[in-house]
Amino acid sequence: MSERTRAGGLLAGVLLLATGAAADDFDFEVGVTYNRTQLDAEQTLTTNVGTIFNSNEVDTDAWSLFGSWYFAGLSDDNGPRARAAFVDRASVLNVGYARTDVSFSSSIVSTDPLVPPFEGNFDSDGDAYALDVRYVWRDSGWFANGGVAQTDTTIGGFVASSVDSTVWRVGVGKYLFDATTLALDVSQADDDGGDATNIAVQFSHLGDMGENWQYAVDLGYARTDADFDLEFDTWSAALSLYPNRDFEFGVGIAETDANFSNFDSTSYEGFASWFVTPSVVLAARYRIDDVGYLGNVVIPSAETSRDADQDSISFGITVRF
């Protein structure tokens with residue numbers, strides 16, 4: 001049975017369950033998301049004896065299935081339905097599965113006798129499993145979370161190989177006001193290619209704008225330290241607007257700076273979601289990445305120009321019951 005067939009069967013079942021759900025009180029949530037990402041990158045190097053042109057194309061398709069159990073209940077009586085868990089200070093257990101298929105093509109056209117021409121195509125696929133829990137002490141406003149994710153990736157090419165990765169995460173935070181939080185997370189990634197530690201700070205606030213509209217601001221900073229003395233700093237910001245309880249739209253930006261050249265990146269995204277009923281939401285997201293690109297050929301003395309563009313689009317449906 002294909003992943004698409006499984007996802008369709010799951011949604012058909014939960015839609016039937018949703019028809020019998022209480023209007024504004026829920027215990028469970030299930031959903032499916034499809035994401036398509038395309039990367040086009042080019043590199044031109046000019047040396048004393050020739051020119052090297054390198055191009056890469058990467059297409060990624062990903063299906064994600066997830067389920068949530070609000071073990072203390074979830075109410076969306078107040079605020080936007082998209083922020084129900086945030087406003088209600090809900091405790092939740094999340095499980096997820098993702099399937100990713102990647103197609104990669106690369107070519108090198110060279111007039112430099114030291115760099116031979118090349119053309120190749122590679123494929124990879126991966127499975128990811130995740131478990132995450134968040135517990136909120138509603139009266140005090142303190143909350144704690146933790147989780148683990150396991151990824152198994154198979155890479156095809158001249159020689160097939162596989163990479164396994166495990167990520168652990170723990171965190172703590174507090175509601176500073178009724179709809180304002182500050183959180184700190186620490187995660188550790190261990191895989192066959194090395195280890196990385198990530199420390200992230202997240203600030204979120206939901207407020208009123210005029211008589212009917214509401215808005216939300218999400219600000220984040222993350223510091224990643226990886227093997228081989230690699231360091232990354234990521235700043236992110238998102239603004240969400242709610243003209244009513246059922247509709248959300250917004251924009252976001254993220255900037256990543258690395259401690260080595262030509263790997264900085266900036267991402268811009270737009271997103272929207274619509275609760276067609278109190279228990280069924282449709283969501284879409286589009287992102288453009290101005291990515292840092294190193295290329296396949298490194299010659300320190302060469303004059304180098306690079307250009308890389310990546311865009312992704314995703315669609316999802318989530319059902320509460």
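Of the contacts in the chain between residues at least 6 apart in sequence, 58% join residues at least 24 apart; contact means heavy atoms within 4.5 Å. This is a predicted model, in which local features need pLDDT of at least 70 and side-chain atom pairs count only at pLDDT 80 or more, while totals for chains, interfaces and linings use all residues. Residues are numbered from 1 along each chain as its sequence is written, and side-chain values use heavy atoms, with hydrogens and water left out.

**Whole chain**

- The chain has two helices and 14 strands; helices (H or I, at least four residues) and strands (E, at least two) are DSSP runs, numbered from the N terminus.
- The C-alpha trace spans about 70 × 45 × 35 Å along its principal axes.
- Of the 321 residues in the chain, 36% are buried, where buried means under 20% relative accessible area, exposed over 50%, and partly exposed in between (1.4 Å probe, protein chains only).

**Charge**

- The chain carries 17 positive and 49 negative charges, whose mean positions are 9 Å apart.
- Lys and Arg count as positive and Asp and Glu as negative, with His and the chain ends not counted; each charge is placed at NZ of Lys, CZ of Arg, CG of Asp or CD of Glu.
- A patch of negative charge on the surface gathers Asp164, Asp190, Asp191, Asp192, Asp195, Asp227 and Asp229.
- Patch residues have over 30% relative accessible area and no salt bridge, and like charges are joined within 9 Å; a salt bridge is a side-chain nitrogen of Lys or Arg within 4 Å of a carboxyl oxygen of Asp or Glu.
- Asp191, in strand E7 (residues 180–191), is partly exposed, with a relative accessible area of 31%.

**Arg89**

- Arg89 sits in the loop between helix H2 (84–88) and strand E3 (92–110).
- Although not a glycine, Arg89 has a positive phi of about 55°.
- Arg89 is buried, at 13% relative accessible area.

**Val297**

- Val297 belongs to the loop between strand E13 (280–290) and strand E14 (303–320), and counts as buried at 9% relative accessibility.
- Apart from its neighbours within four places in sequence, Val297 is in contact with Gln43, Leu45, Ile52, Asn54 and Ile108.
- Asp233 is 64 residues from Val297 along the chain, and their C-alpha atoms are separated by 25 Å.

Note on methods
Patches are made of residues with over 30% relative accessible area and no salt bridge: like charges are joined within 9 Å, nonpolar side chains (Val, Leu, Ile, Met, Phe, Trp, Tyr) within 5 Å. Accessible areas come from the Shrake-Rupley method with a 1.4 Å probe; for residues, only the protein chains shown count as cover.
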